Amino acid sequence: MNAQDKTQLAGLRSLIIRNIGAVEPDAWNALTDGAYPFLRHEFLLALEECGCLGEHVGWIPYHVVIEDSERRLVAALPAYLKLNSFGEFVFDWAWADAYERAGMPYYPKLVVASPFTPATGPRLLIPPERYSDSLAEAAVESAIEAARDAGVSSLHWLFTQDRVLLHSERVLKRLGCQFHWENRGYRDFEDFLSGFTAKRRKEVKRERRQVRDASVELRRIRGDRVEPDIWRTVYELYRSTFARHGNHPALTLEFFEAIAAKMGEQILLVLAERHGRIVGAAFFLVGRDALYGRYWGCTEDVTALHFEACYYQGIEYCIEEGLRRFEPGAQGEHKVSRGFLPTETWSAHWLANIGFRDPIARFLEREMGLVRAYMSELNAHSPFKNFDHADRSESL
């Protein structure tokens, strides 16, 4: 550690904040470069204040913040005590079962994430102008110390992109796979399709035509321009989709209304209308260089409407706005044939009981080999005619 790093770390203290509202919004938002909307103060505050979090869903705010000697916020980790593994999308049910068989509690645990959000982003929030590996390492240690003090079984950074964390020997790394779209400088949607094989290109065009032939019109609208009655319709579509699949709709109408009022410029709705009536809607968040697909619902069974509203409209939006990538959400092998290719995701895990570290490390090593093989197999089905079918994975 050099003298500058030592000076930067001198006088730091870490605190636990049980309500994000106790942190000044501008101070929190200054910790990031604004590229990732899911950790904006406004987003996290709406989750806490609009009934989306708490013991009833197993997400309890437990944010770790780090201040300098002048009590200025210099780093933070958006953290939550978890009473279950719902809403995380990095599945550790088998770990919980192993703890139970050993007669030990797995819950509560501590996770660093944006609740209900399987989208890769920063988990060590440090302002770019103050970033150093030493400060990032100090943030990791502060989180581990918070986990120890809370007496939890484990600490998990979900969907992280933080380099220092993913290279730390203090944690175990877990590889996952999602399907993302990459903007290769396309001029328009036709230019994008021109890179497809003839068969795949024809299939996409047929799906888009099926929606038009059903007399469904698609309309994109920014969140701060959405009327209140439309938000009520969108919420009902979201809620009914979760209910049909037997899942709990954790987000509330008040949450959607709150983020629309506070950060509506980063919200995109795609409305599907037929004869002047909304029959479907897709909800997205817009980052500085990426589009994130999140929720979808419909009232009528229109062939290929899901693909049009959730994928093709998003691709067109990215091309028009010059966004670099499109993350449409977790899972979904059907996305590959529509131009979303297998992409690595990472999480990091610290275990309080070192007796579980080696067995879980071996499990993760085997799982990593399986995930890489899975990605290679799916890459072989890429729709792009000039695609390099070699393994596109990148080692840490």
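A salt bridge here is a side-chain nitrogen of Lys or Arg within 4 Å of a carboxyl oxygen of Asp or Glu. By this rule the count comes to 31 salt bridges. The model is predicted. The legends below take it view by view.

**View 1. Glutamate 367 and arginine 174 form a salt bridge.**
The closest N and O atoms are 2.8 Å apart. Glutamate 367 has 17% relative accessibility and so counts as buried. Arginine 174 is buried too, at 8%.

**View 2. Arginine 208 meets glutamate 308 in a salt bridge.**
The N to O distance is 2.7 Å. This pair also links distant parts of the chain: arginine 208 sits in helix α8 and glutamate 308 in helix α11 (residues 305-321), 100 residues apart. Both arginine 208 and glutamate 308 are buried. The two belong to a network of salt bridges that links Arg208, Arg220, Glu308, Glu316 and Glu320.

**View 3. Arginine 277 forms a salt bridge with glutamate 300.**
Here the closest N and O atoms lie 2.1 Å apart. Arginine 277 is in strand β11; glutamate 300 is in the loop between β12 and α11. The two are 23 residues apart, and the pair links distant parts of the chain. Arginine 277 is partly exposed, with 43% relative accessibility. Glutamate 300 is likewise partly exposed, at 21%.

**View 4. Strand β11 (residues 277-286) is mostly covered.**
Nine of its ten residues are buried. Eight bridges join β11 to strand β10 (residues 267-274), and the two run antiparallel. Leucine 268 has phenylalanine 284 of β11 as its bridge partner. Two residues lie between the strands in the hairpin of β10 and β11, where histidine 275 takes a positive phi near 55°. Strand β12 (residues 290-298) is also antiparallel to β11, joined by seven bridges. Valine 286 stands opposite leucine 291 of β12. A hairpin of three residues joins β11 to β12.

**View 5. Strands β1, β3 and β4 form an open sheet.**
The order is β1-β3-β4, and the pairing is antiparallel. Strands β1 (13-17) and β4 (73-77) stand at the edges; each has a single partner strand, so one side of each lacks a neighbour in the sheet. From one strand to the next, the twist averages 25°. Four bridges join β3 (residues 63-67) to β4. Valine 64 has leucine 77 as its bridge partner in β4. Helix α5 (residues 133-150) packs on the sheet and touches β1, β3 and β4. The direction of α5 makes about 135° with that of β3.

**View 6. Strand β6 is covered on both faces.**
Lys109 and Val111 are buried on one side, Leu110 and Val112 on the other. Four bridges join β6 to strand β5 (residues 79-82), which runs antiparallel to β6. Three bridges join β6 to strand β7 (residues 154-157), which runs parallel to β6. Leucine 110 stands opposite leucine 81. Leucine 110 also stands opposite leucine 155 in β7.

**View 7. The peptide bond from tyrosine 107 to proline 108 is cis.**
Its omega is near 5°. Most residues other than glycine have a negative phi, and most peptide bonds are trans. Proline 108 lies in the loop between α4 (93-101) and β6 (109-112). Phenylalanine 116 has a positive phi of about 65° although it is not a glycine. Phenylalanine 116 occupies the loop between β6 and α5 and is buried, at 11% relative accessibility.

**View 8. Serine 215 has a positive phi of about 65° although it is not a glycine.**
Serine 215 is in the loop between α8 (198-213) and β9 (217-222). At 40% relative accessible area, serine 215 is partly exposed.

**View 9. Phe86, Phe89, Phe91 and Trp93 make a nonpolar surface patch.**
The patch covers about 420 Å². Tryptophan 93 is placed in helix α4. Its relative accessible area is 37%, so tryptophan 93 counts as partly exposed.

Methods: Residues are numbered from 1 along each chain as its sequence is written. This is a predicted model: local features need pLDDT of at least 70, side-chain atom pairs count only at pLDDT 80 or more; totals for chains, interfaces and linings use all residues. Side-chain values use heavy atoms; hydrogens and water are left out. Two strands pair if DSSP finds at least two bridges between them. Axes are lines fitted to C-alpha atoms, for helices over the stretch in contact, and angles run from 0 to 180 degrees between N-to-C directions. Contact means heavy atoms within 4.5 Å. Buried means under 20% relative accessible area, exposed over 50%, partly exposed in between (1.4 Å probe, protein chains only). Patches are made of residues with over 30% relative accessible area and no salt bridge: like charges are joined within 9 Å, nonpolar side chains (Val, Leu, Ile, Met, Phe, Trp, Tyr) within 5 Å. Accessible areas come from the Shrake-Rupley method with a 1.4 Å probe; for residues, only the protein chains shown count as cover.
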